[in-house]
Each structure stands twice: as C-alpha cells, then as structure tokens.
Amino acid sequence: MGLLDEQRAYYQARAGEYDEWWYRQGRYALQPDEEQRWFADVASAEHALDAFAPAGDVLEYACGTGLWTRRLARHATSVLAVDASPAVITLNQARNLGAHVRYHQADIFAWTPPRAAYDVVFFSYWLSHVPTDLFAPFWAQVAAALRPGGRVFLIDSHHTAELPGHVQRRTLNDGREFRVVKRFWQPADLSAAVAPLGWRLTAQTTPNGHILHATATQSHSVVVPPPAHGR
Ligand SMILES: C[S@@+](CC[C@H](N)C(=O)[O-])C[C@H]1O[C@@H](n2cnc3c(N)ncnc32)[C@H](O)[C@@H]1O
C-alpha cells in the first residue's frame, strides 16, 4: 500500500480511539506534571485560535473527530469540514455542532475546493502529514480556496527532532501498525518554506513547546505546477 493510502487507512482505523491521545487517556497518559504542561499548551493554542477569531465562511481541512471543528463552529458563519475518513466524519457529526457545519468526504490531495469561497482556511495536525512533494500544491489549493484578504490558521505538533524520511510508525490499541508522513516544522523554517509560495506566515510555539500554531495571509500569488508524479 502506498504511504498516503496507509495514512488514510490508519486514521480510518484509529477513529474511535483518536481522542484518547488528545485527552491523554489509556496508553497516552502522562505523569501529572507533564499532563499539566500538555493541557496548559492545549489551552494556549485554543486561546490563540479564539483571538484569531475564525469568522465568516471557514474551510477546515482534515477535520478529524471535531476537536477543533467545535471551536470553529462558535465563531464561523459556516464551516465546511473535509476529511478522507468516513469514520471520523461520523464522530464529528455526532457532536451536533449546528446546521452551519457541513461535511465533505474527500482525499485532500485529489480534491479541488470551491474557488475563492472562504474567509478562513484552518487545519490542525494536518500540515505535518503533507509530504514534501505535495507541500507547494497544497498551499496553492489553500490560496485558491480563499477570498481576497482571506486568512489561514494552522496548528500542529511541535518537536525539535526530525524523523528519517519524514515517516513515522504508528500502532493502534489492538497492535496493528501503519506508516504515516510526519514532518515536524520549526516556526522559522515554516515561515521560510511558504514565503516563496506567496505567503506571509507568523508561527509560534506554546509555552511548554508541545504545539506549533501559525497565521498566514497571501503576500503575492504564485503559480505552482502539479507534482511530477502521482501516487
Ligand atoms: C492527525 S488527524 C487531525 C484531525 C483533526 N484536525 C484534529 O486536530 O483533531 C489527521 C486527519 O487527516 C485525515 N486525512 C489523512 N489523510 C487524508 C487525506 N489524504 N485527505 C483528507 N484527509 C486525510 C485523517 O482521516 C485524520 O482525520
């Protein structure tokens, strides 16, 4: 199975146990002091998103079970929440976030969003799963989806280490193993990587270093050729 197929299969299989990681339950449990630092960072990232105020029409890539969709729904006029996994979409829908939140099942790398339709594009724990050769096409897709003056807010894992080949092995509670793309970004590196693609991006990490979050707007438009090979 190709790496991106395996990544999709992993999240489909993990859907029912995904939130255990976020809430530090079961095998994701932390020592009390480390748990306290984790939840302080979560609160800090949530505060940053609320301060950004994702109002208007919002596109959420890779919405997952809705840990962030629920926060977008408080600010937005409408949310289109997109994910490849039917199982996570079902869990997200079960949060009953309101009629202004709609869902679309799609492979982001093969999907064309409505053009110039959104005031905000949001993605959490998604950019680190975008492989290097699809990085520029992904940002071009975001640019095409935004209205003039549109804004991006992203959240992701923060680690100072790099994984060899940007590939990580993940295990489910039942022991099944999958490979995913995992590319950790440092704030300055991320700003530098998107600048030539026409983005002005400001990134920071939460006080205990667990989470990276960033805002971005377009500085100029760039035509990105499609990737050289399909997957
Ligand atoms: C790490 S989870 C993040 C979920 C959510 N944004 C959050 O922060 O809780 C990554 C999500 O990406 C989705 N995903 C993986 N590959 C995808 C693809 N090619 N197209 C669309 N969604 C994909 C998975 O189904 C999963 O819900």
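The dialogue below takes the model one feature at a time.

Q: What kind of model is this?
A: It is a predicted model.

Q: Let us start with a helix. Which residues of helix α5 are buried?
A: Buried means under 20% relative accessible area. Helix α5 spans residues 86–93, and its buried residues are Val 88, Ile 89 and Asn 92.

Q: Why do they lie on the same side of α5?
A: Look at the arc they cover around the axis. The arc is only 100 degrees, which puts these residues on the same side of α5.

Q: What covers the buried residues of α5?
A: The cover includes two helices, α1 (3–14) and α4 (69–75). It also includes the strands β2 (76–83) and β3 (101–105).

Q: Next, charged pairs. What is the general idea, and how many salt bridges are there?
A: Side chains of opposite charge can pair when their charged atoms come close. To count one here, a side-chain nitrogen of Lys or Arg must be within 4 Å of a carboxyl oxygen of Asp or Glu. The count comes to 13 salt bridges.

Q: Which residue forms a salt bridge with Arg 179?
A: The partner is Glu 6, and the closest N and O atoms are 2.8 Å apart. Arg 179 lies in strand β7 (residues 177–181) and Glu 6 in helix α1, so the pair ties together parts 173 residues apart in sequence.

Q: Is Glu 6 buried or exposed?
A: Glu 6 is buried, with a relative accessible area of 12%. Arg 179 is partly exposed, at 25% relative accessibility.

Q: Where do Arg 8 and Asp 107 sit?
A: Their side chains meet in a salt bridge, 3.1 Å from N to O. Arg 8 is in helix α1, while Asp 107 is in the loop between β3 and β4 (118–124). The pair links distant parts of the chain, 99 residues apart. Arg 8 is partly exposed at 32% relative accessibility, and Asp 107 is partly exposed at 26%.

Q: What about the salt bridge between Asp 174 and Arg 176: how far apart are the closest N and O atoms?
A: They are 2.9 Å apart. Asp 174 counts as exposed, at 52% relative accessibility. Arg 176 is partly exposed, with a relative accessible area of 42%. Elsewhere, salt bridges that share partners join Asp 5, Arg 8 and Asp 107 into one network.

Q: Last, one residue and its surroundings. Where is Asp 57?
A: Asp 57 is in strand β1 (residues 56–61). Its side chain has a polar contact of 2.7 Å with the side chain of Ser 78. Another polar contact, of 3.1 Å, joins it to the side chain of Arg 147. Leaving out residues up to four places away in sequence, Asp 57 touches residues including Thr 77, Ala 117 and Tyr 118.

Definitions and conventions
Residues are numbered from 1 along each chain as its sequence is written. This is a predicted model: local features need pLDDT of at least 70, side-chain atom pairs count only at pLDDT 80 or more; totals for chains, interfaces and linings use all residues. Side-chain values use heavy atoms; hydrogens and water are left out. Buried means under 20% relative accessible area, exposed over 50%, partly exposed in between (1.4 Å probe, protein chains only). Helices (H or I, at least four residues) and strands (E, at least two) are DSSP runs, numbered from the N terminus. The arc is that of the directions from the helix axis to the C-beta atoms. Contact means heavy atoms within 4.5 Å. A polar contact is a pair of N or O atoms within 3.5 Å; within protein, one must be able to donate a hydrogen and the other to accept it, and residues adjacent in sequence count only if both atoms are side-chain atoms.
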